[in-house]
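Thanks for coming. I will walk through one structure, going from single residues to the sheet and then to a pair of helices.

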Amino acid sequence: MYYPIMMNIKNKNVVVIGGGRVAYQKLIGLEGTEANLTIISPTIIPEIKEWMQHNNAKWIEKTFEPIDIEQANIIIATTNDSATNHEIRIHKKEHQLLLLADNPKDSDFITPATIKRGKLNISISTGGASPSLAKKIKKDLEQQFDEKFEDYIEFLDYARHIVLNQIADRSLRKKLLTQLLDSKFYNLTVEGDIIKRNEIFKEMLQQVKGQSF
């Protein structure tokens with residue numbers, strides 16, 4: 001049984017061993033984390049080379065040696081070589097977290113299928129029972145929570161900070177934050193009518209302020 005967790009890995013040392021498609025997928029999942037990323041592999045696929053042009057990561061062009069993971073906080077092994085993966089496992093220290101992409105049972109953690117819409121993160125996992133089902137659910141959710149959700153989440157974040165700073169009464173704050181979940185705010189975001197959306201929010205804010213006196 002896995003324990004779901006959102007982990008802050010800013011400035012943590014993450015070592016990805018391998019330079020193929022699985023490594024590429026793991027690197028995409030690490031985008032925006034501000035971790036110190038190091039790739040250990042004799043070769044890397046063109047997609048990783050292109051990815052590195054837009055993301056901060058270091059590639060060490062060599063085969064794996066135990067010294068490569070001495071300073072790692074998180075180790076992600078994506079090679080298809082069982083001997084290398086075994087060597088990584090036996091040299092991993094107790095305080096380090098290891099993911100063996102081809103062997104979840106011997107890993108300290110797994111990475112779920114994830115949908116990112118700005119500050120919204122939705123993770124789907126079947127605990128390894130059916131990765132295909134996790135992918136199907138992800139595909140369904142991607143349609144429900146489309147790209148516009150990023151702008152919508154940014155609006156909610158902006159509005160929430162204003163409410164917290166300007167409304168002292170807890171019950172009124174809760175009431176207003178609940179009203180912000182009305183579908184009209186999402187619909188106006190999708191339509192690009194930001195001015196109207198913000199005007200409605202300001203009107204609601206003023207009404208609640210009036211109730212607090």
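Asp 68 counts as buried, because its relative accessibility is 16%, where buried means under 20% relative accessible area, exposed means over 50%, and partly exposed is in between, with a 1.4 Å probe and protein chains only. Before I go on: this is a predicted model, in which local features need pLDDT of at least 70 and side-chain atom pairs count only at pLDDT 80 or more, while totals for chains, interfaces and linings use all residues. Residues are numbered from 1 along each chain as its sequence is written, and side-chain values use heavy atoms, with hydrogens and water left out.

Back to Asp 68, which is found in the loop between strand 3 and strand 4. Helices (H or I, at least four residues) and strands (E, at least two) are DSSP runs, numbered from the N terminus. Which side chain makes a polar contact with the side chain of Asp 68? That is Lys 62, at 2.8 Å. A polar contact here is a pair of N or O atoms within 3.5 Å; within protein, one must be able to donate a hydrogen and the other to accept it, and residues adjacent in sequence count only if both atoms are side-chain atoms. A polar atom of the Asp 68 side chain also lies 2.7 Å from the backbone nitrogen of Glu 65. Not counting residues up to four places away in sequence, Asp 68 touches Val 15, Ile 40, Lys 62 and Thr 63; contact means heavy atoms within 4.5 Å.

Lys 62 comes up again with Ser 41. Ser 41 sits in the loop between strand 2 (36–40) and helix 2 (46–52), and counts as buried because its relative accessible area is 6%. Leaving aside neighbours within four places in sequence, its contacts are Gly 18, Gly 19, Trp 59, Ile 60, Glu 61 and Lys 62.

Five strands form an open sheet in the order 3-2-1-4-5, with parallel pairing; two strands pair if DSSP finds at least two bridges between them. Strand 3 (57–60) and strand 5 (97–100) are at the edges with a single partner strand each, so one side of each has no neighbour in the sheet. On average, neighbouring strands are turned by 15° against each other, direction ignored.

Strand 4 (residues 74–77) runs parallel to strand 1 (residues 13–17), joined by four bridges. Strand 4 also pairs with strand 5 in the parallel sense, over four bridges. Ala 77 in strand 4 is the bridge partner of Ile 17, and Ala 77 stands opposite Leu 100 in strand 5. In a regular strand the side chains alternate between the two faces of the sheet. Is strand 4 covered on one face or both? Both: Ile 74 and Ile 76 on one side, and Ile 75 and Ala 77 on the other, are all buried.

Helix 3 (residues 82–91) lies across strand 1, strand 4 and strand 5, at about 165° to strand 5. Axes are lines fitted to C-alpha atoms, for helices over the stretch in contact, and angles run from 0 to 180 degrees between N-to-C directions. Ile 90 lies in this helix and counts as exposed, because its relative accessibility is 53%.

Last, helix 7 (residues 183–191) and helix 8 (residues 194–211) pack at about 155°, with axes 8 Å apart. That makes helix 7 roughly antiparallel to helix 8; angles under 35 degrees count as roughly parallel, over 145 as roughly antiparallel, 65 to 115 as roughly perpendicular and the rest as oblique. Residues making the contact include Phe 185 and Leu 188 of helix 7 and Ile 200 and Phe 201 of helix 8.
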